[in-house]
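Please consult the sequence and the coordinates while reading.

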Amino acid sequence: MTARYALYFAPPPDSALWKFASRWLGRDAATGETLDPPDGVHPDWTVDPSRYGFHATLKPPMALAPGRDEAELLAAAETFAADHPRFTVPSLRLAELGRFLALVPSAPSEALDRFAADCVRYFDPFRAPQSASDLEKRRAHGLTPRQDEHLRHWGYPYVFEEFRFHMTLTGSLDDDARAAARTLLEPAVAPFARKPLEIDALAVFKQDTRDAPFRIIARFGLP
């Protein structure tokens, strides 16, 4: 099966945020190591986000277009990162996004929105067209006309004005499970809610097959 690649923001692998989130999810996407989650965390809560690794989506998972290869993508990612200075966004907060929990900035960031939009446009030539089944899976969640337009043009509905930076910590949970997860998460994320988050790198994640977990294969620092 064809590998997929994604352009994500991921904190430094030696940072407290990365270490906390990787343990919460039960897997470190930088090392591939399986981790024991904190006491009280039900494995079902994190099955989906664990497979993707801790991240915020900039350019979502994609198979490479014909004629493109991994080396070319990595070279482009290094060039893109070198052309975008690092910046900070407001401190993180725990939020409920529909039925799942994620860390989001506590206030909007124009710099972050520009960075994400640049990433969508720059890497789109590397994206193979989505299959009809992939399009239908996206549409099954219910999209607005504008989101469907983005899906058809960019391969993802949540770009540009629809973009919302978030770092997912749970899958879709019912009310009781979401409340239990929130009770555990709120004190755990408190240290990250007291200082700005530095966007310091662009990470390239790879999924070897559709059944495999994503892993970081490169992380290019922003100047």
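The questions below concern helices, individual residues and their contacts.

This is a predicted model, in which local features need pLDDT of at least 70 and side-chain atom pairs count only at pLDDT 80 or more, while totals for chains, interfaces and linings use all residues. Residues are numbered from 1 along each chain as its sequence is written, and side-chain values use heavy atoms, with hydrogens and water left out.

Q: In which helix does Leu 184 lie, and is Leu 184 buried, partly exposed or exposed?
A: Helices (H or I, at least four residues) and strands (E, at least two) are DSSP runs numbered from the N terminus. Buried means under 20% relative accessible area, exposed means over 50%, and partly exposed lies in between, for a 1.4 Å probe and protein chains only. Leu 184 belongs to helix 7, residues 175–189. Because its relative accessible area is 31%, Leu 184 is partly exposed.

Q: Which residues does Leu 184 touch, not counting residues up to four places away in sequence?
A: Contact means heavy atoms within 4.5 Å. Gly 40 is 144 residues from Leu 184 in sequence, yet their C-alpha atoms are 7.7 Å apart in space. With residues up to four places away not counted, Leu 184 touches Trp 24, Asp 39, Gly 40, Val 41 and Trp 45.

Q: Why does the distance between the end C-alpha atoms of helix 7 agree with its number of residues, and what is that distance?
A: The expected span of a helix is 1.5 Å times one less than its number of residues. Helix 7 has 15 residues and should therefore span 21 Å, which agrees with end C-alpha atoms that are 20 Å apart.

Q: Against which elements do the buried residues of helix 7 pack?
A: The buried residues of helix 7 are Ala 177, Arg 178, Ala 181, Leu 185 and Val 189. Arg 178 counts as buried because its relative accessibility is 10%. Beyond its neighbours within four places in sequence, Arg 178 is in contact with Glu 96, Gly 98, Arg 99, Phe 100, Leu 101 and Leu 173. The elements packed against by the buried residues of helix 7 are helix 1 (16–25), strand 4 (92–97) and strand 5 (100–105).

Q: How many of the ten residues of helix 1 are buried?
A: The buried residues in helix 1 are Leu 17, Trp 18, Phe 20, Ala 21, Ser 22, Trp 24 and Leu 25. Helix 1 is thus mostly covered, and the number of buried residues is seven.

Q: What is the handedness of the crossing of helix 3 and helix 4?
A: Axes are lines fitted to C-alpha atoms, for helices over the stretch in contact, and angles run from 0 to 180 degrees between N-to-C directions. The axes of helix 3 (residues 70–82) and helix 4 (residues 110–123) come within 12 Å and cross at roughly 150°. A crossing is left-handed if the near helix is turned anticlockwise from the far one by less than a right angle, and right-handed if clockwise. The crossing of helix 3 and helix 4 is right-handed.

Q: How do the residues of the contact of helix 3 with helix 4 divide into nonpolar, polar and charged?
A: Leu 73, Ala 76, Ala 77, Thr 79 and Phe 80 in helix 3 meet Phe 115, Asp 118, Cys 119, Tyr 122 and Phe 123 in helix 4. Ala, Val, Leu, Ile, Met, Phe, Trp, Tyr, Cys and Pro count as nonpolar, Asp, Glu, Lys and Arg as charged, and the others, Gly among them, as polar. The contact of helix 3 with helix 4 divides into eight nonpolar, one polar and one charged.

Q: Is Met 62 buried or exposed?
A: Met 62 is found in strand 2, residues 56–62. Its contacts, leaving aside neighbours within four places in sequence, include Leu 73, Phe 123 and Phe 126. Because its relative accessible area is 3%, Met 62 is buried.

Q: Is Pro 66 buried or exposed?
A: Pro 66 is located in the loop between strand 2 and helix 3. Because its relative accessible area is 77%, Pro 66 is exposed.
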